[in-house]
Amino acid sequence: MSASAPSTPPPGEPGSVSGVPDLPPGFAATFTSRYVDTGTLRLHAVTGGEGPALLLVSGWPQNWYAWRLLMPALARDFRVVAVDPRGVGLSDKPEDGYDTATLAADMADLMTALGHRRFAVVGHDVGMWMGYALAADHPDRVARLAVAEAAIPGLSPSPPLFGSATANDRLWHFAFNRLTELNEQLVSGREHLYFGRQFATKTAKPLPESAVRYYIDTMARDPEALRGSFAPYRALDETFAQNERRAERRLTLPVLAIGGAEVLGAGVGETMARGADDVETLVLPDCGHYPAEEAPEAMLTALTAFLAPYRDGKDG
C-alpha cells in the first residue's frame, strides 16, 4: 500500500466525530475524522487545532473518544491527533502486527503522513505501551512523553501468580485476553458483561453511561473489533522481548507519569523510572484507571504545564 491523501468517513459513521455520543459543545467545529493511509494500513484519526503536533493514543478497550474532554482545550495550543490504533475503532484490523514495535511504527508513519516530523505523545493504558515504544524506537521523532495508568510488560516486574484478591481483580484480564479464540467465544454476545465489568471496577468515579455503552457497542457490533481488542495481549511475548532490549537504552526525553490514586498511583512513575532518566510523577486523587474521563480538569492542568516548553519551542 502506498500513502495517499487523507479521506473522510461517511457522515454519521459509528466511531467518527459525527457518529459518537455527547461530545463537548462545538467539538465538530474544531475536529475532523479522517482516514490516513500510512503506506502499510489505513488508520482513523481525529485531528484539529493549531500549533505543534500532539499525538493522543488511547488504551484498552477504548478508542480516540477517550480524549474528547481534553481535546478542545489542547487544540488551542496544539495540532491534536487522536488516533484509533491498528485493530481499534475505524482503523484497519489486520491479523497481525500488534507487538509494540509495529504499533509504534504505525504511529510514526501516521504522523509522517500527516506532515509532522516531530511531536509530543500522550498515551494511556495500552497507549502507554505504545508511547514508550515510540519514544524508544523513534527518539528523533518524540519531543515529550506523557503516560497514564499502565504497567509496561518487560519493564515492570511481573506480578505473582497467586497475588492478593485486589490484584487479581485488576489484572486477571491480562491472562484471559492472551488466550487464542476461546476468549472471543466466551465474550461474544456477552460484551456488556465482560467490558462493563472492566469499566465498573476500575473507576473511582463512574464514566457516563453513554460513553460506556458506546465503547462496549463498538466491540459488540464488529467481531473484528473484538479480535483486535485482544490482539496486543496475544502479542505480549514479542513485546516482552522488545521492552527488555529497550530498557538497555534509557529514554532521555522528559516524561510525565500520571496515576489514579485509586488504582496504580505512583506505580506509573516507578514503572517509567525503570526505563527513563527524566520522570515527573503525578498522582491524581479520587481518580481510578481513566484519568482523561474521571479527572479531565486535573489531567489537562498537568498536561498544559508539562507540554509548555514544547509548545513554546524550547525543547530541542
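**Helix packing, aromatic pairs and backbone exceptions**

Helices α5 and α9 are roughly perpendicular to each other, a class that covers angles of 65 to 115 degrees, whereas angles under 35 degrees count as roughly parallel, over 145 as roughly antiparallel and the rest as oblique. The model is predicted, so that local features need pLDDT of at least 70 and side-chain atom pairs count only at pLDDT 80 or more, while totals for chains, interfaces and linings use all residues. Residues are numbered from 1 along each chain as its sequence is written, and side-chain values use heavy atoms, with hydrogens and water left out. Helices (H or I, at least four residues) and strands (E, at least two) are DSSP runs numbered from the N terminus.

**Helix packing**

- Helix α5 (residues 165-177) packs against helix α9 (residues 223-234) at an angle of about 95 degrees, and their axes are 8 Å apart; axes are lines fitted to C-alpha atoms, for helices over the stretch in contact, and angles run from 0 to 180 degrees between N-to-C directions.
- On the α5 side the contact (heavy atoms within 4.5 Å) involves His173, Phe174 and Asn177, and on the α9 side Phe230, Tyr233 and Arg234.
- Three of the residues in this contact of α5 with α9 are nonpolar, two are polar and one is charged, where Ala, Val, Leu, Ile, Met, Phe, Trp, Tyr, Cys and Pro count as nonpolar, Asp, Glu, Lys and Arg as charged, and the others, Gly among them, as polar.
- Helix α8 (residues 209-221) and α9 cross at roughly 110 degrees, with axes that come within 5 Å, and α8 is therefore roughly perpendicular to α9.
- In that crossing, Thr218, Met219 and Arg221 of α8 meet Pro223, Ala225, Leu226 and Ser229 of α9, and the contact residues comprise four nonpolar, two polar and one charged.

**Aromatic rings**

- The structure holds 20 aromatic pairs, a pair being rings of Phe, Tyr and Trp (its six-membered ring) with centres within 6.5 Å, where planes under 30 degrees apart count as stacked, over 60 as edge-to-face and the rest as tilted.
- Trp60 and Tyr233 form an edge-to-face pair, because their ring centres are 5.6 Å apart and their planes stand at 75 degrees.
- Since Trp60 lies in the loop between β4 (53-57) and α2 (71-74) and Tyr233 in helix α9, this pair ties together parts that are 173 residues apart in sequence.
- Both Trp60 and Tyr233 are buried, which denotes under 20% relative accessible area, with exposed meaning over 50% and partly exposed in between (1.4 Å probe, protein chains only).
- Phe199 and Tyr215 have ring centres 5.4 Å apart and planes at 15 degrees, so the pair is stacked.
- Ring pairs also link a cluster that includes Trp60, Trp129, Trp172, Phe174, Phe230 and Tyr233.

**Charges over rings**

- Arg42 lies over the face of Tyr35, at 3.6 Å from the ring centre, under the criterion that NZ of Lys or CZ of Arg is within 6 Å of the ring centre and within 35 degrees of the ring normal.
- Arg68 lies over the face of Tyr65, at 4.1 Å from the ring centre.

**Backbone exceptions**

- Most residues other than glycine have a negative phi, and most peptide bonds are trans.
- The peptide bond from Trp60 to Pro61 is cis, with omega near -5 degrees, and Pro61 is placed in the loop between β4 and α2.
- Glu149, although not a glycine, has a positive phi of about 55 degrees; Glu149 lies in the loop between β7 (142-148) and α5 and counts as buried at 0% relative accessibility.
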